[in-house]
Amino acid sequence: MKPREIFIAFATFTLLTIGIVSIFWKPVLWSLIVFLPIIIIGVYDIIQRKHAIKNNFPVIGRLRYLLETFRPEIQQYFVETETEGTPINRMFRSLIYSRAKNQNDTTPFGTKSDVYRVGYECMAHSMYPKHHDEVEQNPRVLFGGKECKQPYSASILNISAMSFGSLSKNAILALSKGAKLGGFAHNTGEGGLSPYHLEGGGDLIWQIGAGYFGCRTKDGNFCQDTFQKNAIKDNVKMIEIKLSQGAKPGHGGILPAAKNTEEIAKIRHVEPHTDILSPPYHTAFNNAEGLLYFVKQLRELSGGKPIGFKLCVGSEDEFIEVCEAMKKTQILPDFITVDGGEGGTGAAPIEFTNSIGLPIREGLSFVVDSLIRYNFKENVRVIASGRVFSAFHIIRLIALGADTVNSARAMMMAIGCIQVLQCNTNTCPTGVATQDKSLMKGLDVNDKYVRVANFHKKTVDSYSEMIAAAGLSNGDEIQRKHILHRLGPNKMVTYKELYPEF
C-alpha cells in the first residue's frame, strides 16, 4: 500500500473509531485535538497539486521541507570539515572569531591543510628572518596623485564595500566605529552615505554606483549639487566609482523590497518598499575617456580628494582602452580597486556569482602589469578586494602588486555573522544583514565595534610577523617570487612564474 492510501485508511479508521467510541464515552472527543490537525494537513496535502512530495506522502512529506530549511546549519555544524566549508571554511571562520574576540588565535598539532594538493600555496621564508620590531608596524599607504589636493594615508587593510540597506544600521555603526578605533577606512558601498556611516566617525571611502544613490536626480542621473554636499564632508577621505562588482559584474546591485525601508529609500532617493535594481551601466559616461573626465569632475567637486574606480576585470581589451585613454587625456585616477569574481554579495543570480568575472589573482595581476607597461603604476594606487581572511591573503595580493587590500565578509564575521546564508531574505539571525528591527537589536554596537578593531589589529600584526619571517622590512619588498603555488604532486612554482610580469 502506498503512503497516500495508508494515510487515507488511517484517517478513516481514526475518525470512525473516535465517532463510535464517543457514543459510549464522550471524553474520547478530546483526542481530536491531536488527530484532527494531522488529518486536515494530510487532506490538504492530497488536494494541493503544487508539491508532488506532499501529494504522494501526506504529512510525512513535509519533513523533507523542514530538513531542507535546516540544511545549511546541519552542513555547517555536523558535516563539513575544518577546511571544506564554503564560501568560507571553518578554519578561517574560527580565526576571524578568535581575533575579533581578542582570544588565542594559535592552533595545536600542525597544519590541517593538505600541503600536497594542487593549488596549495605558501610563502617563502628566509633563513635570516628579522625581529618583529625591525619591521614596519601598522603599515600605511598614501593615496593621491599629482592632481590630488587632499591625499589620504590608508591602512594596509580596510573594510570593503557594504551598503546600508544590505547591512543593518547597527552593523554599519559597528563597522564605522571599529574603523575609527583601529585607524582604517570603511567603504560605504553603493547605497549612499548614510547617517550611520557618519555617526560612527571612521574614515570613509564613498562609493558611487550606477544608481548614484545619495547623489542622484529624480530621474536617476548624477547630481553634482548633492554629490558636492556629501563629498566635502570631513569623514569622506576618498571617492570610488563602482563600474562592476566581483560577485555580479555587469548586473548592478540588488536591494529586495523587504529591506527597502522608508529610511533607506530617503537616503537613496528612491521609492520605499520596492525592489531596487541598480542599473548595470553609468549614465554619466559610456566609454573610457568619459570615465576619466568623470574622475576629473568628481575630483574638482570634492575639493581635490582621491578619486578612483572599482571593477571586476572582464574584457582585458576594455581595460587597455582605459590605459590608452589615460595616456591620451593625461587624466589619471588616484586609485583602482580590483574586485575578484569570487567576491561576496548579499544577493545575486548564481550564474553571475559563479560564471562571470576574472578571479582576483588573474584580474589583479593583469591590471597591475598593464599599469606598469604604461608607466602609470607609480601614480595610481591599486586596491585588491576578494576573499581576504588572513595575513597570508593580504601578502599574496601585495605580491601581485596591490598597495592595500579590502575585506568585507571577514569584517561581517567580526561583528557576529555566522554564515547562515540568509543575507538576501531579511532574516539574518545575528542582525548583521537585515532591516528587521527585532533582529538587529541583537547586534550590540558597543561590543561589536571593538571586535572589528581587534580583528584588524591582530591580522595586521600577523602580516608584519610574516614580513619579518621572509627577512623583509616592509610590504614594498614583497615580490611574486615570495609566493609558491603547487601545480602537481612534485612541482611548485612561484607567482613570478605563474603570473609572469611584462
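The crossing of helices α11 and α12 is right-handed. This is a predicted model, and its protein chain is divided into domain 1 (3–79) and domain 2 (122–498).

**Helices α11 and α12**

- Helix α11 spans residues 288–301 and helix α12 spans residues 316–329. Their axes are 8 Å apart, and the packing angle is about 60°.
- On the α11 side, the contact is made by Ala 288, Glu 289, Leu 291, Leu 292 and Tyr 293. On the α12 side, Glu 321, Val 322, Ala 325, Met 326, Lys 328 and Thr 329 take part.
- Sorted by class, the contact of α11 with α12 has seven nonpolar, one polar and three charged residues.

**Helices α7 and α18**

- Helix α7 (residues 169–182) packs against helix α18 (residues 445–469) at an angle of about 45°. The two axes lie 7 Å apart.
- With this angle, α7 is oblique to α18.
- The crossing in which α7 passes α18 is right-handed.
- From α7, the contact draws on Asn 170, Leu 173, Ala 174, Leu 175, Lys 177, Gly 178, Leu 181 and Gly 182. From α18, it draws on Val 445, Asn 446, Lys 448, Tyr 449, Val 450, Val 452, Ala 453 and His 456.
- The contact of α7 with α18 has nine nonpolar, five polar and two charged residues.

**Helices α15 and α18**

- Helix α15 (residues 391–399) also packs with α18, at an angle of about 60° and with the axes 8 Å apart.
- The helices α15 and α18 are therefore oblique to each other.
- As α15 passes α18, the crossing is right-handed.
- In α15, the residues that meet α18 are Ala 391, Phe 392, Ile 394, Ile 395 and Ile 398. Their partners in α18 are Thr 459, Ser 462, Tyr 463, Met 466 and Ile 467.
- This contact of α15 with α18 has eight nonpolar, two polar and no charged residues.

**Domain layout**

- The C-alpha centres of domain 1 and domain 2 are 51 Å apart.
- Contact between the domains involves four residues of domain 1 and four residues of domain 2.

**UniProt annotations**

- An unreviewed UniProt entry lists residues 154–472 as "domain: Glutamate synthase". In the model, residues 154–472 are 40% helix and 14% strand, and the end C-alpha atoms of the span lie 21 Å apart.
- The annotation "transmembrane region", from an unreviewed UniProt entry, covers residues 7–24 and 30–47.
- Residues 7–24 are 100% helix and 0% strand, with end C-alpha atoms 26 Å apart.
- Residues 30–47 are 89% helix and 0% strand. The end C-alpha atoms of residues 30–47 lie 26 Å apart.

Definitions and conventions: Residues are numbered from 1 along each chain as its sequence is written. This is a predicted model: local features need pLDDT of at least 70, side-chain atom pairs count only at pLDDT 80 or more; totals for chains, interfaces and linings use all residues. Side-chain values use heavy atoms; hydrogens and water are left out. UniProt positions are given in the numbering used here, feature names are shortened, and annotations may be inferred rather than shown by experiment. Helices (H or I, at least four residues) and strands (E, at least two) are DSSP runs, numbered from the N terminus. Axes are lines fitted to C-alpha atoms, for helices over the stretch in contact, and angles run from 0 to 180 degrees between N-to-C directions. Angles under 35 degrees count as roughly parallel, over 145 as roughly antiparallel, 65 to 115 as roughly perpendicular and the rest as oblique. A crossing is left-handed if the near helix is turned anticlockwise from the far one by less than a right angle, and right-handed if clockwise. Contact means heavy atoms within 4.5 Å. Ala, Val, Leu, Ile, Met, Phe, Trp, Tyr, Cys and Pro count as nonpolar, Asp, Glu, Lys and Arg as charged, and the others, Gly among them, as polar. Domain bounds come from an automatic or database domain assignment.
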